[in-house]
Amino acid sequence: MLGRLAGQALADRRERARRRKQAAHAKNLPRAAIIFGAGAEPGIGAAVARRAAAGGLRVYVTGRSIGKLDDTVAGIRAAGHEAEAVIADVTDEAQIAAVFDRAVAAGYAVELVVFNVGTNRPGKFLDIDPVRLEQSWRADCLSGFRVGQHAVRHMQGIGGGTLLFTGASASLRGRAGFGAFASNKAGLRSLSQSMAREFGPQNIHVAHVIIDGLVDGARLRGVMPGLVEGRGKDGALDPTAVAETYWMLHRQHRSAWTQEIDLRPCRENW
């Protein structure tokens, strides 16, 4: 028993020494951000990518539609900043790993990772079959777990970083007709809390952002034209304003980190 404990203690010391060596090397590397679920302009993911690029990071924007990603990258580059589009399905762990590998191969240390994924498809509870429930869980929750593992392992090697999860009203409460989405988002929220407590002492800031309200983005305007205008001025969340909060979280001093923050329009009923 004592021999196993001593062996584990020695292994832990060696691992800490390895990480310190990696972190010392990483201090000289240029910095990058990865936005999983960047989406189209306008939208939260694209806006966060623009803000990170304006803050001096090379941004890797990921998603499943190259057309949407290319538009976001073009806008960032037009502003004189660095960005690259990478096709990646977050339900495929190999594709998640490939995004990190791409940044590392280019000589960058990824100090900011944003998980901005959510299906948010309503459906009556009795109409949800187990296969659909599991598929939505894999997209909204399991993929966040996988992104989180890759992000933490990378950030341990560079001395720290920021991992931000996009949440929703469903993270806190389950509305009728949103049973699957609520269970997924609640799971992601709890996951972020556990990660924050475990990895905060390692200089890895994990935060959860609750988006409580309609987002004035391409997705909403495409599905429900006129709804945003009907809400009146500032009746929906402005993606650019949301992105400022994400950047604030990334830049927070570690003596006063936020683990969770909720954002909603001034007109929102809550």
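View 1. Strands here are DSSP runs of E with at least two residues, helices are runs of H or I with at least four, and both are numbered from the N terminus.

This is a predicted model, where local features need pLDDT of at least 70, side-chain atom pairs count only at pLDDT 80 or more, and totals for chains, interfaces and linings use all residues. Residues are numbered from 1 along each chain as its sequence is written, and side-chain values use heavy atoms, leaving out hydrogens and water.

**View 2. The neighbours of S2.** Strand S1 (residues 31-36) runs parallel to S2, joined by five bridges; strands pair if DSSP finds at least two bridges between them. Look for Ile35 opposite Val61 in S2. Five bridges also join S2 to strand S3 (residues 83-87), again parallel, and Thr62 sits opposite Val86 in S3.

**View 3. Crossing over through H3.** From S2 the chain goes through helix H3 (residues 66-78) to S3, a right-handed β-α-β crossover: with the strands pointing away from the viewer, the path from the first strand over the helix to the second runs clockwise.

**View 4. Helix H6 from end to end.** At 1.5 Å a residue, the 21 residues of H6 (179-199) should span 30 Å, and the end C-alpha atoms are 30 Å apart, which agrees; the expected span is 1.5 Å times one less than the number of residues. Its buried residues include Phe181, Leu188 and Phe199.

Technical notes: Buried means under 20% relative accessible area, exposed over 50%, partly exposed in between (1.4 Å probe, protein chains only).
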